[in-house]
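Have a look at the sequence and the model first, then read on.

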Amino acid sequence: MKFTPIILALSLLLTACSRHDTKLAKQIAGTWAGEAEAGTMAFAPNGSFVIAKKSDTNIFAGTWQIKDGDLIMTLTNAPIIHGHSLAGGVTRCKIVSMDAHQFVYSSAGRAVTLSR
């Protein structure tokens with residue numbers, strides 16, 4: 001009985017995180033553009049993504065999910081660079097903010113801003 005309030009509080013916290021992740025997943029669907037030379041990132045509602053860079057013909061593709069406010073991307077298709085394939089790599093980025101027009105995430109300690 002004395003653990004009931006703790007279990008209830010944890011359940012509410014997990015439900016709130018799940019709702020927030022669901023909202024972010026709906027907002028992220030679509031195409032986002034980076035700085036002029038960066039290219040585009042397209043996130044499909046089915047959990048797939050494509051990154052096309054303007055500076056070259058390399059196209060990266062994979063799957064995405066949002067968990068605990070983080071964007072988790074797994075590469076399933078990537079070009080071979082310097083004899084190594086990046087396919088299978090997983091990147092986890094902290095979502096800083098997102099609305100209908102701007103998406104800001106943090107990766108490797110630097111903020112990246114994308115827009116529609």
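**The pocket and its surroundings**

The largest pocket here has a volume of about 630 Å³. A pocket is an open set of points on a 1 Å grid over the protein atoms alone, with protein on both sides within 12 Å along at least five of seven lines. The points are joined across faces, edges and corners, and the volume is the space filled by probe spheres set on them. Keep in mind that this is a predicted model: local features need pLDDT of at least 70, side-chain atom pairs count only at pLDDT 80 or more, and totals for chains, interfaces and linings use all residues. Residues are numbered from 1 along each chain as its sequence is written, and side-chain values use heavy atoms, with hydrogens and water left out.

**What lines the pocket**

- The lining of the largest pocket is made of 24 residues (each has an atom within 4 Å of a pocket point).
- Nearest the centre of that pocket you'll find M41, K53, Y105, R110 and V112.
- By type, the lining splits into 15 nonpolar, 6 polar and 3 charged residues. Here Ala, Val, Leu, Ile, Met, Phe, Trp, Tyr, Cys and Pro count as nonpolar, Asp, Glu, Lys and Arg as charged, and the others, Gly among them, as polar.
- Several strands (DSSP runs of E, at least two residues, numbered from the N terminus) each supply at least two lining residues: β1 (30–33), β2, β3 (48–52), β5 (70–77), β8, β9 and β10.
- Which strand gives the largest share of the lining? That's β10, with 5 residues.

- Strands β8 (residues 90–98) and β9 run antiparallel and are joined by 4 bridges; two strands pair if DSSP finds at least two bridges between them.
- A hairpin of 3 residues takes the chain from β8 to β9.
- Next, β9 pairs with β10 (residues 110–115), again in the antiparallel sense, over 6 bridges.
- The hairpin between β9 and β10 has 2 residues between the strands, and A108 in the turn has a positive phi of about 50°.
- Y105 is a handy landmark: in β9 it stands opposite I95, and it also stands opposite V112 in β10.

**The aromatic residues**

- There are 5 aromatic pairs in the structure. Rings of Phe, Tyr and Trp (its six-membered ring) pair if their centres lie within 6.5 Å; planes under 30 degrees apart count as stacked, over 60 as edge-to-face and the rest as tilted.
- One of the pairs is F43 with F49, which is tilted, at 6.3 Å centre to centre and 40° between the planes.
- F43 also pairs with F103, this time edge-to-face, at 6.5 Å centre to centre and 75° between the planes.
- Buried means under 20% relative accessible area, exposed over 50%, and partly exposed in between (1.4 Å probe, protein chains only).
- W32, F43, F49, W64, F103 and Y105 belong to one aromatic cluster.

**The salt bridges**

- A search of the whole structure turns up 2 salt bridges, each being a side-chain nitrogen of Lys or Arg within 4 Å of a carboxyl oxygen of Asp or Glu.
- In one of them, the side chains of D70 and R92 meet at 2.7 Å, N to O. D70 lies in β5 and R92 in β8, 22 residues apart, so this pair links distant parts of the chain.
- K94 and D70 meet in a salt bridge as well, at 3.5 Å, N to O. This pair also links distant parts of the chain, with K94 in β8 and D70 in β5, 24 residues apart.
- Put together, D70, R92 and K94 are linked in a network of salt bridges.
- D70 counts as buried at 12% relative accessibility, whereas R92 is partly exposed at 46% and K94 is partly exposed at 42%.
- R92 and Q65 are 27 residues apart in sequence and 9.7 Å apart in space, C-alpha to C-alpha.

How values were computed: 1 Å grid on protein atoms, 1.4 Å probe; cavity = no way out; pocket = protein on both sides within 12 Å on 5 of 7 lines; lining within 4 Å.
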